[in-house]
Amino acid sequence: MSSTTGKGPRSNLPPGPPGWPIVGNLFQVILQRRPFMYVVQDLRKEYGPIFTMQMGQRTLIILTDANLIHEALVQRGALFASRPAESPTRLVFSLGKCAINSAEYGPLWRALRKNFAAEVVGSARVKQCGWVRKWAMENHMGRLKEEAHEKGYVEVMSQCRLTICSIIICLCFGAKLSEELIKNIESVLKDVMLMTLPKLPDFLPVLTPLVARGQLRRAKALRKKQMEILGPLVQARKGFVESRGSPKSSSFDMASPVGAAYVDSLLSLDPPGRPDGLGEEELVTLCSEVINAGTDTSATIIEWALLHLVLDQKVQQKLYEEIVDVIGHNNGVVSEDDLEKMVYLNAFIKETLRRHPPSHFLLSHAAREDAVLGGYTIPKDANLEIYTAWVTQDPALWPDPEAFRPERFLPGGEGYEVDWTGNRGVRMLPFGAGRRICPAWSLGTLHVGLMLARMVHAFRWVPYPGSPPDPTETFAFTMVMKNPLKAVIFPRC
Ligand code: HEM
């Protein structure tokens, strides 16, 4: 669909597969019936590091090359830091782009992101909220034992999702919720994520008005459900803050002091472009994005990490020995301060992120004005899709890229000095890079490190013979194991 003749921003688009009239490449993709990233992997071989796909009325420019990605996200980061127009379905949930991830690059985004950075992931707040992780980890370890006792195995993904979700919900609302309520919130928010994945009418609204209307109706019904489950928590926290922390003000167990929950900061935030401040709807949107952004990503990493630990007992033993070295045999529990001293654990997490980045694409970016990249035009209204998985699969950047070797990230290894935030150059970018880099990457890795260290310290993990580990992957918002990992655990003495 690219054109190299004519004038205007569309006359010099990157090359790409020829499409059909009106629908472009849309049906060529749909008819393949496989995740979009596999289509992109094949097209990259044919069209190179930057190419165009015309998906109905949307133009997608796909970027796969490490140097071009660095140029777009870091060297000329401000130019490519916006987000594209949202579909009507997504607008229902983002409330007209009033969320960090979807806001256009500008004053609203800056205010929301700055508040989040200070109030949720700032080092003082992370320290203050250490008890949340302690509480959630105690529940987690208890649940692992229970499940192993009842079923003979542990299902890693669902257990880890629940624990991380409970941590982030508590960071948002300051409340210790029951397992049942956490599970309900988790399930509604998962539906929200699925609902907001791109669908046919998002690409061809003109040709599919009836389907689009049905989709919008379903989105509004789900939004109502989301408000019904999270609205009461916002109200309860508001009452708690207004009563200056009176425990009688709420039926929830408000365990965080006033000022320590994300909602508390949002109640008094006056971001530009929202003259009436932020109401209950906005708070539900902003907390939902944080819960969704932080849960699946971290749980996915832990599941892949445990796959490698059950498959390679030597790696697991090495990790265990390091943990014991740092904290001693019996003095109990891995603390957050211990994690920094665990060099092998950190290398192991980096190798897991390199080999299994939870998302193969960043969130869609957009140029703030028509721009030129790699010699081609990137129109302002196109989606710039950054395919990051290729960067860590490229044998020119990573020798033997399929092999799982944490040693790559130890002194002398080819990854030892790699900057995983992509700032000094792109060799891996599990969190993105530049202006839009994940603002919670350090909190996310804290969750992952803490859970792995606690789980390996307490148990030896081995494959479950009834369902041998299968590394086949599938797309479920993140790239997860198609057959969720089941493992047998033996308490270590
Ligand atoms: C360790 C697991 C995590 C991974 C791998 C991860 C990865 C990412 C990626 C790839 C992006 C998109 C960057 C871009 O579009 O350029 C992102 C954005 C974001 N993430 Fe994370 N993330 C993780 C954990 C978290 C956690 C724990 C939270 C919240 C508590 C969070 C909140 C966000 C938000 C709000 C954004 C949007 C940033 C913006 O648009 O300015 N993430 N993350």
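Which residues have the most contacts inside the largest nonpolar core? In this predicted model, that core has 130 residues, and those with the most contacts inside it are Cys172, Cys287, Ile302, Leu306 and Leu384. Helix α13, which covers residues 280-311, gives the most to this core, contributing 16 residues.

Once its neighbours within four places in sequence are left aside, Leu384 is in contact with Ile61, Leu63, Ala72, Phe80, Ser364, His365, Ala366, Ala367 and Ile378. Two of these partners, Ile61 and Leu63, belong to strand β2, which spans residues 58-63 and pairs with β1 in the antiparallel sense over six bridges.

Strand β1 itself, residues 50-55, is mostly covered, with six of its six residues buried. Ile50, Thr52 and Gln54 point one way from the strand, while Phe51, Met53 and Met55 point the other way, and all of them are buried. Within the pairing, Met53 has Leu60 of β2 as its bridge partner. The hairpin formed by β1 and β2 has two residues between the strands, and in this hairpin Gly56 takes a positive phi near 60°.

The ligand brings the reader back to helix α13. Around the ligand there are 26 residues, of which Gly294, Gly432, Cys438, Ala440 and Gly444 come nearest. Both α13 and α18, the latter covering residues 441-458, supply at least two residues each to this shell, and α13 gives the most, with seven residues. Sorted by class, the shell around the ligand has 15 nonpolar, eight polar and three charged residues.

Definitions and conventions. Residues numbered from 1 in each chain as written. Predicted model: local features only at pLDDT ≥ 70, side-chain atom pairs only at ≥ 80, totals over all residues. Core = buried A, V, L, I, M, F, W, Y, C linked by C-beta atoms within 7 Å. Buried ≥ 20, exposed ≤ 12 C-beta atoms within 10 Å, placed from the backbone. Helix = DSSP H or I, 4+ residues; strand = E, 2+ residues; numbered from the N terminus. Contact = placed C-beta atoms within 7 Å. Pairing = 2+ DSSP bridges. Near = placed C-beta within 6 Å. Nonpolar A, V, L, I, M, F, W, Y, C, P; charged D, E, K, R; others polar.
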